[in-house]
Amino acid sequence: MQKLAQLLEFGASGSAPLSELRKQLGSGGCSSQGGAGKSGCGSAAGQGDLPPEIWEKVKNHPCYSEQAHHHFARMHVAVAPACNIQCNYCNRKYDCANESRPGVVSEKLTPEQAAKKVIAVASRVPQMTVLGIAGPGDPLANPDKTFKTFELVSAAAPDIKLCLSTNGLTLPDHIDRIAALKVDHVTITINMIDPEIGAKIYPWIFYNHRRYHGVEAAKILSERQLLGLEMLTARGILVKVNSVMIPGVNDQHLVEVNKAVKARGAFLHNIMPLISAPEHGTAFGLAGQRGPTAQELKVLQDACEGEMNMMRHCRQCRADAVGLLGEDRSDEFTNAKVEEMEVSYDLAARQAYLAKVEAERDAIADAKKAELKTLEDEASGIAIQVAVATKGGGRINEHFGHAHEFQIYEVSTAGAKFIGHRRVDLYCEGGYASVTGIEPILKALNDCTAVLVAKIGICPKDSLTGAGIEAVESYAFEFIETSVIAYFKDYLRRVGQSEIRHVVRGDAAIRQGAFTEA
């Protein structure tokens, strides 16, 4: 704990490389056991790392598998407007189409409207494999609407996985119904197990027809969350725990949260950065509470990564998001547009797409193994971060100026590891640089040595070079991890031959939730 505190303080000051203090912490992560069926670390765990019954549940789920998020889409339906707790990081706005963060929706739906929308999306987006209900309030504070939606969708499209996200306050009351509907994936947001810390995050809860405040409220909430987690895992339901990292409030405490949820069988832990921009109107945002930097978040995630899966690819989605993680196609499927659609649910076409993806996955895995073998004789303590511009499919297939986000990989002689993403505003609009220019992107990629893109213009390439970031087009449309490893191998060669000098990069900024450029 003391070492973690030093790391977080060190990262905030930026006075020296974070890598030096990381060495003090070590790579073992939290030592407690847990995580049902866990035999491989990270949400990148593949078919050979997990028991067959677990693999079948996660292989096509973009939130539970880092591999799957390159190929499969999810959708959320906003059928649950009410909430039974208040979080200092939440402000549930409606009709905010330019924002991407939890609690934001453009349209609230009835269960019937939601089911029709699901079928419409699935008929036009064959890679959509998961339906999630995540708000904009809490699904289990709206149980009738939530479960009615699941019933309707399950009857019409039994191949779609059902997913639920909850604060956990009333979760123990609904376990039987969740299991009966075959909801195999449940996410619980657990930000603390210490009520004293919880009182700083939750002003109040509403439970059993009464409002509770402060430490008493946090104690009830924590007990209910952990009980619900135990009950779910006892039924064989996969549980992902979301935790919001709030610097100076629960950042160090999340190591203890990680141990507690792991011991109770949680499958996946997702530590997310606080979104605290003042314009979002949250209590934390208005009070000036900052969110973590990129390296502060990574250090905490690394500290908690041990026997338990860590999720690194979360996009903190809207409560009505549609599409691949990192994209939102909800404006294509408004109520008005869905009403005009002629929907034909083609299960055969969806199954054909899944078969195509499986073949592509095999090709990616084989290419990665072959490229990784070329590092076997390399001996180096160097590790770098590489940014990638992609629009999906596991390939480097996005123009620098068209990227809404960059995926970040840490690469060393051990291989390439996905560690997160950086959301940015578009650099290029109608052939011209955006009004915000290149500076926000440089801040977002400041800890990266290179950015791999399908194409990039001369001006942004020069700006990146000036900031010490190499822009690389030579791997355009190739597989991501294969290309990242190949780039790293060449990087080591150039360092060894004194063509370039290895430089430890600094910290980077995490974009605050909303897209401001279209």
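Leaving aside neighbours within four places in sequence, with which residues is Met 128 in contact?

## Met 128 and its contacts

Contact means heavy atoms within 4.5 Å. Beyond four places in sequence, Met 128 touches Ala 73, Arg 74, Met 75, Val 118, Val 121, Ala 122, Ile 160 and Arg 350.

This is a predicted model: local features need pLDDT of at least 70, side-chain atom pairs count only at pLDDT 80 or more, and totals for chains, interfaces and linings use all residues. Residues are numbered from 1 along each chain as its sequence is written, and side-chain values use heavy atoms, without hydrogens and water.

## The largest nonpolar core

A nonpolar core is a set of buried Ala, Val, Leu, Ile, Met, Phe, Trp, Tyr and Cys residues joined through side-chain atoms within 4.5 Å. Buried means under 20% relative accessible area, with a 1.4 Å probe and protein chains only.

The largest such core has 55 residues. Val 77, Met 128, Leu 131, Phe 150, Ile 178 and Leu 232 touch the most other members. Helix H4 (residues 111-124) gives the most to this core, with seven residues.

Strand E1 (residues 73-76) is covered on both faces. Ala 73 and Met 75 are buried on one side, Arg 74 and His 76 on the other.

E1 pairs with strand E3 (residues 128-133) in the parallel sense, over four bridges. Pairing takes at least two DSSP bridges. His 76 has Gly 132 of E3 as its bridge partner.

## Confidence

pLDDT is the predictor's confidence in each residue, from 0 to 100. The chain averages 81. pLDDT stays under 50 over residues 1-42. Where pLDDT is low, the predicted coordinates should not be read in detail.

Key: Buried means under 20% relative accessible area, exposed over 50%, partly exposed in between (1.4 Å probe, protein chains only). Helices (H or I, at least four residues) and strands (E, at least two) are DSSP runs, numbered from the N terminus.
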